[in-house]
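Biologist: I would like to learn how to read a structure like this one, feature by feature. Could you take me through it, giving the general idea before each case?

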Amino acid sequence: MTWMKYAELENLLGDDARARAIFQIAVQQPMLDMPEVLWKAYIDFEIEQGENERVRILYESLLRRTQHIKVWISWLEWETSNEEFDKARALYKRANQALEGSPAEERLLLLEQWKQFEQQHGTEEEQKFVEKMIPKRVKKRRQIIAVDGTDAGWEEYFDYIFPQDQASKINFKLLEAARAWREKQALAMQLEPHEREDEEMEES
């Protein structure tokens with residue numbers, strides 16, 4: 001990649017400011033052949049410079065473009081390698097929320113790594129916090145439809161049931177029930193004056 005080679009050349013020549021400027025221009029380009037390679041080179045450059053805050057800003061910028069699990073893992077591993085355990089823990093929580101709509105395998109990968117992180121650097125309470133989020137592996141069956149649309153039988157597969165998803169469903173049902181109750185109460189209050197008027201008319 002031409003952009004990356006220019007930046008690396010300036011870095012070799014000792015002109016860090018110019019190398020950084022080239023990287024900054026490069027990542028703003030709308031069309032890049034291998035953007036992930038360029039971003040990694042830029043992040044590695046700032047890591048070599050010891051510019052930790054710049055590294056975090058770059059990861060934030062990259063996550064605005066993609067929520068790929070590899071980006072989260074890379075950032076988490078870097079924070080952990082710097083022994084920034086509190087920052088890493090906060091980032092694990094954030095990543096876990098951000099990946100709720102991602103494939104189950106990616107979510108499981110994050111949770112397994114988070115679990116290992118807490119086993120090495122966390123308290124017993126923090127370990128239990130993560131363990132409660134580990135999904136249950138269940139066997140399911142699904143129908144197979146052939147290319148021509150005919151029934152091709154059934155197959156077994158494994159799925160993951162995440163506790164936080166179940167909790168979200170319960171909370172959603174509670175919110176729906178509360179909303180329905182409020183609407184019913186509001187309707188009753190609207191009807192009540194009319195009912196009183198009808199009673200007064202009957203009495204007169």
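Modeller: Let us begin with contacts, where contact means heavy atoms within 4.5 Å. Not counting residues up to four places away in sequence, Arg 107 touches Leu 99, Glu 100, Ser 102, Phe 162, Gln 164 and Asp 165. Please keep in mind that this is a predicted model, in which local features need pLDDT of at least 70 and side-chain atom pairs count only at pLDDT 80 or more, while totals for chains, interfaces and linings use all residues. Residues are numbered from 1 along each chain as its sequence is written, and side-chain values use heavy atoms, with hydrogens and water left out.

Biologist: Where does Arg 107 sit, and is Arg 107 buried or exposed?

Modeller: Burial is read from relative accessible area, with buried meaning under 20%, exposed over 50%, and partly exposed in between, using a 1.4 Å probe and protein chains only. Arg 107 lies in helix α7, which spans residues 104-121, and Arg 107 is buried, because its relative accessible area is 5%.

Biologist: How do α6 and α7 pack?

Modeller: For packing, axes are lines fitted to C-alpha atoms, for helices over the stretch in contact, and angles run from 0 to 180 degrees between N-to-C directions. Angles under 35 degrees count as roughly parallel, over 145 as roughly antiparallel, 65 to 115 as roughly perpendicular, and the rest as oblique. Here α6 and α7 pack at about 155 degrees, with their axes 11 Å apart, and they are therefore roughly antiparallel to each other.

Biologist: What is the handedness of the crossing of α6 with α7, and which residues meet there?

Modeller: A crossing is left-handed if the near helix is turned anticlockwise from the far one by less than a right angle, and right-handed if clockwise. The crossing of α6 and α7 is left-handed. On the α6 side, Phe 85, Ala 88, Arg 89, Tyr 92, Lys 93, Ala 95 and Asn 96 meet Leu 110, Leu 111, Gln 113, Trp 114, Phe 117, Glu 118 and His 121 of α7. By class, the residues of this contact comprise 8 nonpolar, 3 polar and 3 charged, where Ala, Val, Leu, Ile, Met, Phe, Trp, Tyr, Cys and Pro count as nonpolar, Asp, Glu, Lys and Arg as charged, and the others, Gly among them, as polar.

Biologist: At what angle do α3 and α4 pack, and which residues meet?

Modeller: Helix α4 covers residues 52-65, and α3 packs with α4 at an angle of about 165 degrees, their axes being 9 Å apart. The two helices are therefore roughly antiparallel to each other, and α3 passes α4 in a left-handed crossing. Trp 39, Tyr 42, Ile 43, Glu 46 and Ile 47 of α3 meet Arg 54, Val 55, Leu 58, Tyr 59, Ser 61, Leu 62 and Arg 65 of α4, a contact with 8 nonpolar, 1 polar and 3 charged residues.

Biologist: Where is Glu 83 placed, and what is its phi?

Modeller: Glu 83 is in the loop between α5 (69-81) and α6 (85-98), with phi near 60 degrees, a positive value in a residue other than glycine. At 59% relative accessibility, Glu 83 counts as exposed.

Biologist: What share of the residues in the protein is buried?

Modeller: Buried residues make up 26% of the 204 residues in the protein.

Key. Helix = DSSP H or I, 4+ residues; strand = E, 2+ residues; numbered from the N terminus.
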